[in-house]
Amino acid sequence: MLSLYLFYFLSTVALISALMVLLSKKPIHSVLYLTLTFFTLAGHYILLNAQFLAVVHIIVYAGAIMVLFLFTVMLLNLNLEGEFQKSTLMKFVATLTGGMLFLVLIGTLKSFDVGTLSEHPELTQIGLVKNLGKTLYSDYLLPFELSSILFLSAMVGAVMLGKKDKN
Amino acid sequence: METTITQIQTIPLQYYILFCSALFSIGVIGVLAKRNALVIFMSVELMLNSANLLLTAFSAYRNDPAGQIFVFFIMVVAAAEVAIGLALLVVVYRSTHTIDINALNRLKW
């Protein structure tokens, strides 16, 4: 029962802070609200017993991505309030489109048959490092190694883009 | 271990679907309604995260580790994407002195 209340609490905080990302005027407030959303999502991962993913989520998102966002906001001095806004009509249409997408998703998935949920108590620890690591290094070894090449190329690309032009 | 599985099972999977759909829709609204490129990036992150959470939920409910591996790879790609995207943003800001996406319509014609 406790987990259900935790789920409600985390979901409410996540949705409110996600809305505040869009509603806040200054970009830096958006970044901070986004950090709050990420932390509540880490709580969701812990609730699902996906401990490895929870830790990786905090390290990657709160540790790396948030720092990148904050650096960009502060480095470019972008923290100006409401400098450019879309027209009210565009905002209304965007909200309407998003709301309709939400309704379509709910309508499609409402009657969705999730199939049999297996209940093998000895297998529910799939979210732990030991079990995920075994799968990652046996079945998914090639994608794992390829992702390191992706990271290397992303790093080189970011450095090349960030370099000042000589001419 | 028994307690863990009963605790997980008390939350219906439909709740996760509902929550993740709402989060995804908020991300879509952000991409459509904002002109600040930085906030659009953040909305994309929101969408990626809602998909991640749903994959994890399905993986935990069906005892299939593949879903959580996919989430791991999605996080890898998201980190690379943010690094490149923000580098592009810095370049755009250097040349146009704004990150208003309406200033980037020069490639349109």
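**Exercise 1. Among contacts in chain B between residues at least 6 apart in sequence, what percentage join residues at least 24 apart?**

Before we start: the model you're looking at is predicted.

Step 1. Get to know chain B. You'll find four helices and zero strands, running α-α-α-α from the N terminus.

Step 2. Take the contacts between residues at least 6 apart in chain B; 58% of them join residues at least 24 apart.

Step 3. Now look at burial and surface. Of chain B's 109 residues, 60% count as buried. Its accessible surface is about 4300 Å², with 69% belonging to carbon and sulfur atoms.

**Exercise 2. Describe chain A along the lines of chain B.**

Step 1. Chain A has six helices and zero strands, in the order α-α-α-α-α-α from the N terminus.

Step 2. In chain A, 56% of the contacts with a separation of 6 or more come from residues 24 or more positions apart.

Step 3. Chain A has 167 residues, and 37% of them count as buried. It exposes about 10100 Å², and carbon and sulfur atoms supply 72% of that.

**Exercise 3. Work out how helix 2 of chain A sits against helix 3 of chain B.**

Step 1. Find the two partners: residues 27-47 of chain A and residues 37-62 of chain B. Their axes lie 11 Å apart, at an angle of about 5°.

Step 2. Angles under 35 degrees count as roughly parallel, so helix 2 of chain A is roughly parallel to helix 3 of chain B.

Step 3. See who does the touching. On the chain A side, the residues include Val31(A), Leu34(A), Phe38(A) and Leu41(A). On the chain B side, they include Met42(B), Leu46(B), Asn49(B) and Leu53(B).

Step 4. Sort the contact by class: eleven nonpolar, six polar and one charged residues.

**Exercise 4. Check the length of helix 4 of chain A, then find what its buried residues pack against.**

Step 1. Helix 4 covers residues 88-110, which is 23 residues; at 1.5 Å a residue it should span 33 Å.

Step 2. The buried residues here are Ala94(A), Gly98(A) and Ile106(A). They pack against helix 2 (13-33) of chain B.

Definitions and conventions:
Residues numbered from 1 in each chain as written. Chains lettered and ligands numbered in written order. Predicted model: local features only at pLDDT ≥ 70, side-chain atom pairs only at ≥ 80, totals over all residues. Heavy atoms only, no water. Axes fitted to C-alpha atoms, helices over the stretch in contact; angles between N-to-C directions. Helix = DSSP H or I, 4+ residues; strand = E, 2+ residues; numbered from the N terminus. Parallel < 35°, antiparallel > 145°, perpendicular 65-115°, else oblique. Contact = heavy atoms within 4.5 Å. Nonpolar A, V, L, I, M, F, W, Y, C, P; charged D, E, K, R; others polar. Expected span 1.5 Å × (residues − 1). Buried < 20%, exposed > 50% of the residue type's maximum accessible area, 1.4 Å probe, protein only. Areas by Shrake-Rupley, 256 points an atom, 1.4 Å probe, with all protein chains shown as cover.
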